[in-house]
Amino acid sequence: MDNSVEHLLNEYRARQFWERREYRKALAEAAAAADSARGNGDEQGYWRMSLLKAECQVELGLMQEFATGAKNLIEDPKIADDPITKARATALYARALQCLGQVGESLKVAKEAAAIELAECGSPSGHFDTHQALVASLADSGKMEEAWEVAQSMLLLITSETPRETAGLAYWAVGNVAFLMQKGDEGAKWHAQAAICLSPSNDVYLWAQFNKASAHVRIWAHLLEPATLECIERAELAISVSGGSPMDELEIALVRAHWQLLNREVEDALQGLELVLKEREILVPSVLAEAEQLMAMALFELDRIDEALEAAQSSQKTFMDLGALRMAGQSREVIDRIDARNS
């Protein structure tokens, strides 16, 4: 078969599998299409399929591979003349770094992506990608006012022509920042809008991720209400249906343990946290540090003070190393409570 025809077939199959949410098959076809496109000198086809390959890796939880691929793409000198592709690739790389817990580096890369986006007036998808990456990185870095400003500007990008999923992802990001800023009503409003756009009938896995994230930020905002528990239960169900990765299961178990801890079900929370920490070798550093922070809180409530202090100090150090200043500050608060008990 002619190489150009084979490339087109690979790309077509990759798109079909992507639309059907068959991400492993889409990944294989996108990788094959990227290779054949580069062999044929089709740089646009190569970049297009490399981006799809990276997006498949995100959905499959292959974060290290995702980060490596995105970094290789933005370092390709041939991409320099295509600002839209470079902006999307750079935003993807920022997202990968964030998923790996490298918050400081993620913010640096997200700002680079936003600068590319501002220098051109290309596709709307590129604008949304760069805005979302910058909002997430700013929030993780504790720069909440800046994150809120960028989030508000992202809302202005949404029009009647914006695809529902794209709008849903934007509303989701805005709601996250609102919750983290203790703007509970604002957060609930934008997550309600996101839920309308991100229907489980369209993508069960994305629905699981949304509900997991919504429960997470609601709990950190101390919204111990039925809506938060509903998000946890929907995420647990959707992950079981969609066949989430082990990391997905550990993250929702962490959210469930946090819910139990704040509802004074300390022994149950401790059991859940112990199960999560047994899998520490597969946890990314930021998730491990969060688990240790919650473990410190649980141990403190049970008067296991020395163990609580050790867990809290380890958590704070990891968050500081990652540049996650907001979370590091929360670990510091746990340490201060322990110090006050000891004094």
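## Helix α12 and its buried side

In helix α12 (residues 226-242), the residues Thr228, Cys231, Ile232, Ala235, Ala238 and Ile239 are buried, where buried means under 20% relative accessible area, exposed over 50% and partly exposed in between (1.4 Å probe, protein chains only). An α-helix has 3.6 residues a turn, so residues three or four places apart point the same way. Helices here are DSSP runs (H or I, at least four residues), numbered from the N terminus.

The buried residues of α12 pack against α11 (204-220) and α13 (246-262), whereas the face turned away from the buried side carries the exposed residues Pro226, Leu237, Ser240 and Val241. After α12 comes Gly243, which has a positive phi, near 70 degrees.

## How the model was read

This is a predicted model, in which local features need pLDDT of at least 70 and side-chain atom pairs count only at pLDDT 80 or more, while totals for chains, interfaces and linings use all residues. Residues are numbered from 1 along each chain as its sequence is written, and side-chain values use heavy atoms, with hydrogens and water left out.

## The largest nonpolar core

The largest nonpolar core has 123 residues, and those with the most contacts inside it are Tyr171 and Ile338; such a core is a set of buried Ala, Val, Leu, Ile, Met, Phe, Trp, Tyr and Cys residues joined through side-chain atoms within 4.5 Å. Helix α15 (residues 285-301) gives the most to this core, with 11 residues. Leaving aside neighbours within four places in sequence, Ile338 is in contact (heavy atoms within 4.5 Å) with Phe300, Ile305, Ala308, Leu309 and Ala312.

## Salt bridges

The whole structure holds 19 salt bridges, each a side-chain nitrogen of Lys or Arg within 4 Å of a carboxyl oxygen of Asp or Glu. In one of them, the side chains of Arg88 and Asp129 meet at 2.8 Å, N to O, and this pair links distant parts of the chain, with Arg88 in helix α5 (residues 83-99) and Asp129 in helix α7 (residues 124-140), 41 residues apart.

Another salt bridge joins Glu292 to Arg280, with the closest N and O atoms 3.6 Å apart. Glu292 lies in helix α15 and Arg280 in the loop between α14 and α15, so the pair ties together parts that are 12 residues apart in sequence. Glu292 counts as buried at 10% relative accessibility, whereas Arg280 is partly exposed at 38%.

Definitions and conventions: Helix = DSSP H or I, 4+ residues; strand = E, 2+ residues; numbered from the N terminus.
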